[in-house]
Amino acid sequence: MADTLFIILAVLTVASALLVVVNKNAVNAALGLLISLLGLAGLFVLLDAPLLAFVLLMVYAGAVVALFLFIIMLLDTTPGAAKPFSKMTLVATLIGAGLLFTGIYSLAHRAVLPAAPATLPVPTMKNYAEQLFTTYLLPVQVVGFMLLIAMLGVIVLSKKFDQTEGAK
Amino acid sequence: MTAVFTFWAGLHPLIQGLIKGLAVIGVMFPIGGACSLVERKVSAWMQGRPGPNRALPPWLAWVPGIGLLQRLGLFHLMADGIKMFLKEDSLPGHVNKFYFLLAPVVGMIPALTTVTVVPFGAYFDSAGQMVPLVLANLDVGILAVFAVGSLGVYSLILAGWASNSKYPFLGGIRASAQLISYELAMTLSVVPVFLMINAPGGTGTLSLTDVVRFQSGTSGLHGTWFIMTMPLSAVVFLVSLFAETNRLPFDMAEGEADLVGGFHTEYGSMKWGLFFVAEYSHMLIGSGVFTLLFLGGWNPLPWVPLQTVIGWLAHLSPLLAHPLAVGLISIGIFMGKVLFFMFVFMWVRWTVPRFRYDQVMKLGWQKLLPLAIGNLIFYAIVIAVLQK
């Protein structure tokens with residue numbers, strides 16, 4: 001039963017995640033993301049972590065994707081001119097590629113996964129809260145900051161550049 | 001009687017769950033339908049007119065006393081249902097067909113899924129422990145209601161977008177902005193309740209059953225309903241509930257006065273009917289959650305919990321203390337409170353004038369949200385002092 005459910009949910013999650021990337025229609029992509037999140041929530045439930053599942057649904061499926069759809073509907077989706085190529089682009093590309101390579105290299109050669117503890121903590125609300133606000137406080141903040149950087153990057157990349165803007 | 005119980009216990013758990021689920025839906029759907037009639041009747045009474053009172057099947061006209069039912073408009077309910085099912089199911093040519101057909105279904109799914117985690121009654125086992133009547137007794141009950149309930153917004157967005165015309169689109173946009181705004185205040189307003197029921201040293205719970213259990217005491221803090229100790233939370237929750245269910249004075253998504261029908265302008269027949277039933281289901285669940293959180297759930301009065309009343313009733317007849325009877329009594333009390341809140345929804349609709357859109361946003365972000373945050377901080381301090 002659990003295995004069948006896992007296969008169904010896993011296929012659903014991965015297939016709709018793929019749909020997000022390959023689909024050209026932004027609304028389809030957003031809904032693909034929604035279905036993917038629903039599948040992921042189902043996987044969390046299978047892992048006996050209903051709290052995570054519902055937090056995921058509430059934050060991402062309930063608010064974030066709804067905001068995505070809101071923005072997609074307001075946006076003008078006609079493609080504009082891309083940012084003209086400059087020396088800065090080249091430098092940024094090189095630095096970015098260097099950082100990415102370093103990251104992958106150190107992950108492949110240095111990363112050590114901690115062994116699974118013999119006794120798992122009971123997934124109660126209290127345990128979640130304690131872990132989240134003590135051990136994992138910094139990592140969560142760092143991930144949040146990375147999301148902010150990604151958001152800035154998206155704004156820069158997707159900005160439409162008027163040909164006349166440089167002349168102003 | 002015993003034969004029925006043995007037969008029930010012998011059934012596969014999946015079939016048991018299916019029957020229970022169908023039973024709950026079988027109660028919710030007719031109530032949703034009946035509410036549409038009650039809404040018309042209540043609005044008529046408030047405006048001093050008789051309301052629907054004409055429909056009567058000709059083959060029933062000979063029954064004596066049927067005139068009363070006719071004047072109450074009961075047959076309009078039937079007529080409305082038959083009309084919605086038999087009407088031509090038109091599909092406008094300019095819509096995005098897939099999403100257009102998907103939207104009403106997406107509206108129904110969260111509405112019917114949240115029902116599973118809302119307890120609606122209780123009985124006492126042989127040890128005197130309260131056993132809730134609920135389809136899925138989750139430890140994260142309130143979170144599940146909020147999480148799955150928040151998915152209802154997609155129905156409105158999709159309907160507005162797929163209709164591919166101006167008014168539905170504006171309705172969909174407004175719906176998404178409004179629902180996201182009020183979710184924040186709503187979620188924050190219930191946090192003090194859970195701070196209160198989670199004593200230090202416990203494992204932590206977000207279960208709706210535990211909220212009712214806390215309100216089931218006979219004296220002191222344990223018997224008070226949370227509406228008495230946390231009135232501000234209750235007010236913020238109720239106002240946000242009106243906004244989340246798109247009820248007047250917050251009917252921005254529908255906006256009959258300025259958007260024709262808002263997100264469902266292009267819908268007709270049963271597709272439109274599904275939006276309607278979904279709205280009433282959301283109201284029912286919202287009223288149910290409000291009753292559980294702030295009005296003591298299935299306890300008849302503050303400091304007079306269900307168990308005390310059952311004790312009194314058992315003196316009359318031991319049959320009344322049977323778990324089956326207790327369950328029915330508790331469901332009756334709970335449904336009474338919920339239906340009263342359905343009436344409050346209608347009462348407010350025909351009393352308070354609707355807001356402008358900028359007023360809705362102002363109320364949500366500049367009034368309710370700071371109120372909810374201040375309320376949370378105040379109660380966090382008070383509860384910390386109390387439980388020290």
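Q: Let's start with the chain contact: how many residues does it take from chain A and how many from chain B?

A: Two residues are in contact if their C-beta atoms, placed from the backbone, lie within 7 Å. Here that takes 20 residues from chain A and 22 residues from chain B. Bear in mind that this is a predicted model, where local features need pLDDT of at least 70 and side-chain atom pairs count only at pLDDT 80 or more, while totals for chains, interfaces and linings use all residues. Residues are numbered from 1 along each chain as its sequence is written, and chains are lettered from A, ligands numbered from 1, in the order in which they are written.

Q: Which elements of chain A give two or more residues to the side that touches chain B?

A: Helices are DSSP runs (H or I, at least four residues), as are strands (E, at least two), numbered from the N terminus. On chain A, the contributors are α2 (26-46), α3 (50-74) and α5 (125-133). The largest share, 14 residues, comes from α3(A).

Q: What classes of residue make up the side of chain A that touches chain B?

A: Count Ala, Val, Leu, Ile, Met, Phe, Trp, Tyr, Cys and Pro as nonpolar, Asp, Glu, Lys and Arg as charged, and the others, Gly among them, as polar. This side then has 17 nonpolar, 2 polar and 1 charged residues.

Q: Zooming out to chain B, how many helices and strands are there?

A: Chain B has 16 helices and 2 strands. Its C-alpha atoms fill a box of roughly 60 × 60 × 45 Å along the principal axes. Of the chain B contacts between residues at least 6 apart in sequence, 76% join residues at least 24 apart.

Q: Is α7 of chain B enclosed or open?

A: Call a residue buried if 20 or more other C-beta atoms lie within 10 Å of its own, exposed if 12 or fewer, and partly exposed in between. By that count, 42% of the 388 residues in chain B are buried. For α7(B) (residues 153-162), 10 of the 10 residues are buried, so this helix is largely enclosed by the rest of the structure. Among them are Y154(B), G160(B) and W161(B). The cover includes α2 and α3 of chain A, plus α5 (97-114), α8 and α13 (269-294) of chain B. After α7(B) comes N164(B), with a positive phi near 55°.

Q: How do α8 and α16 of chain B pack?

A: Two packed helices are described by the angle between their axes and the distance between the axes. The axes of α8(B) (residues 166-197) and α16(B) (residues 357-386) come within 9 Å and cross at roughly 15°. The two are therefore roughly parallel (angles under 35 degrees; over 145 is roughly antiparallel, 65 to 115 roughly perpendicular, the rest oblique). Their contact residues divide into 20 nonpolar, 5 polar and 1 charged.

Q: And at what angle do α2 and α15 of chain B pack?

A: α2(B) (residues 13-46) and α15(B) pack at about 50°, with axes 10 Å apart. That makes α2(B) oblique to α15(B). On the α2(B) side the contact uses C35(B), V38(B), E39(B), V42(B) and S43(B), and α15(B) brings M342(B), F343(B) and M346(B). By class, that is 6 nonpolar, 1 polar and 1 charged residues.

Q: Where is W347(B) found?

A: W347(B) is in α15(B), residues 323-349. It has 15 C-beta neighbours inside 10 Å, so W347(B) counts as partly exposed. The C-alpha atoms of W347(B) and A325(B), 22 residues apart along the chain, are separated by 33 Å.

Key
Axes are lines fitted to C-alpha atoms, for helices over the stretch in contact, and angles run from 0 to 180 degrees between N-to-C directions.
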